[in-house]
Structures are given as C-alpha cells and as structure tokens.
Amino acid sequence: QVQLVESGGGLVQPGGSLRLSCAASGSIFSTIAMGWYRQVPGSQRELVARISSGGLANYAGFVKGRFTISRDNARRMVYLQMNSLQPEDTAVYYCNAASSGGYFYSWGQGTQVTVSS
C-alpha cells in the first residue's frame, strides 16, 4: 500500500516558486523527523531539508535560505516552500523519514520539478 504521496511539482521559470506537499500514513508520523529529498537522473538521491517531529528545521547548504520545510502533524502532511528556483533545482522531489533512528517508509512516486525558461 502507498504510504507517501507527493504533489505540487511542475514547470516553473527561473526565479519562480512552488509549494510541494507530502501526505503520509501511519500514527508513527508525528513522532519522527521527516525530510525532502531530490534526485537527478544519473545521480544519487540527496537530502534537501529535514524537520524534526517538533518542527525544528535544517537544510542542505545549497538551499541558501530559499526553501522552507514545514509540517502539520494533525493532518500528517509535510510541505516544502521553494522560492527563487533555479535550473539546478530541477529534479524529482521525494519525501520520507529522516530520523537518526533509521525508520523509513517505502519510497513514493515523487513529484517532478522543472525550472526552465
């Protein structure tokens, strides 16, 4: 059964914005850290942003203050607000657990983000 469903991707011009959403299942959601990951074809998946169960966020260095991760534990949702998008942000974006304890969902389908003129 599907445990994670990502949405909100699309085609956007450089400098534009997108808001990604992730719907998760299971009561464990509210107790674990979650993250957004991205993957370019031919490259390995990388962590973009992480948020603790209590809402403490941290980001990969390349984000440079442009992205904001947030969560709503009552709705079992994680969001990624992406501003000032650049072509190098083009990738498939996925959500998943990002806990130090190692809990992990099965990967969802991801959502494609394409930044191009």
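Q: Is Glu 46 buried, partly exposed or exposed?
A: In this predicted model, Glu 46 has a relative accessibility of 33%. Buried requires under 20% and exposed over 50%, with partly exposed in between. Glu 46 therefore counts as partly exposed.

Q: Which residue forms a salt bridge with Glu 46, the closest N and O atoms being 3.1 Å apart?
A: The criterion places a side-chain nitrogen of Lys or Arg within 4 Å of a carboxyl oxygen of Asp or Glu. For Glu 46, the closest N and O atoms of the pair are 3.1 Å apart.

Q: How many residues apart in sequence are the parts tied together by Asp 89 and Arg 38?
A: The side chains of Asp 89 and Arg 38 meet in a salt bridge at 3.0 Å, N to O. Asp 89 lies in the loop between S8 and S9, whereas Arg 38 lies in strand S4 (residues 34–39), so the pair ties together parts that are 51 residues apart in sequence.

Q: Which residues do the salt bridges that share partners join into one network?
A: A search of the whole structure finds three salt bridges. Asp 89 also meets Arg 66 at 2.7 Å, N to O, and both of these residues are buried. Through shared partners, the salt bridges form one network of Arg 38, Glu 46, Arg 66 and Asp 89.

Q: Which strands hold Cys 22 and Cys 95?
A: The structure holds one disulfide, which joins Cys 22 to Cys 95 with an S to S distance of 1.9 Å. The pair ties together parts that are 73 residues apart in sequence, because Cys 22 lies in strand S3 (residues 18–24) and Cys 95 in strand S9 (residues 91–97).

Q: What is the handedness of the link of Cys 22 and Cys 95?
A: Cys 22 is buried, with a relative accessible area of 0%, and Cys 95 is buried with a value of 0%. The angle about the S-S bond is 60 degrees. The link is right-handed.

Q: Which residue in S8 does Leu 20 stand opposite?
A: S3 and strand S8 (residues 77–82) pair in the antiparallel sense over six bridges. Opposite Leu 20, the residue in S8 is Leu 80.

Note on methods:
Residues are numbered from 1 along each chain as its sequence is written. This is a predicted model: local features need pLDDT of at least 70, side-chain atom pairs count only at pLDDT 80 or more; totals for chains, interfaces and linings use all residues. Side-chain values use heavy atoms; hydrogens and water are left out. A disulfide is a pair of cysteine sulfur atoms within 2.5 Å. Helices (H or I, at least four residues) and strands (E, at least two) are DSSP runs, numbered from the N terminus. Buried means under 20% relative accessible area, exposed over 50%, partly exposed in between (1.4 Å probe, protein chains only). Two strands pair if DSSP finds at least two bridges between them.
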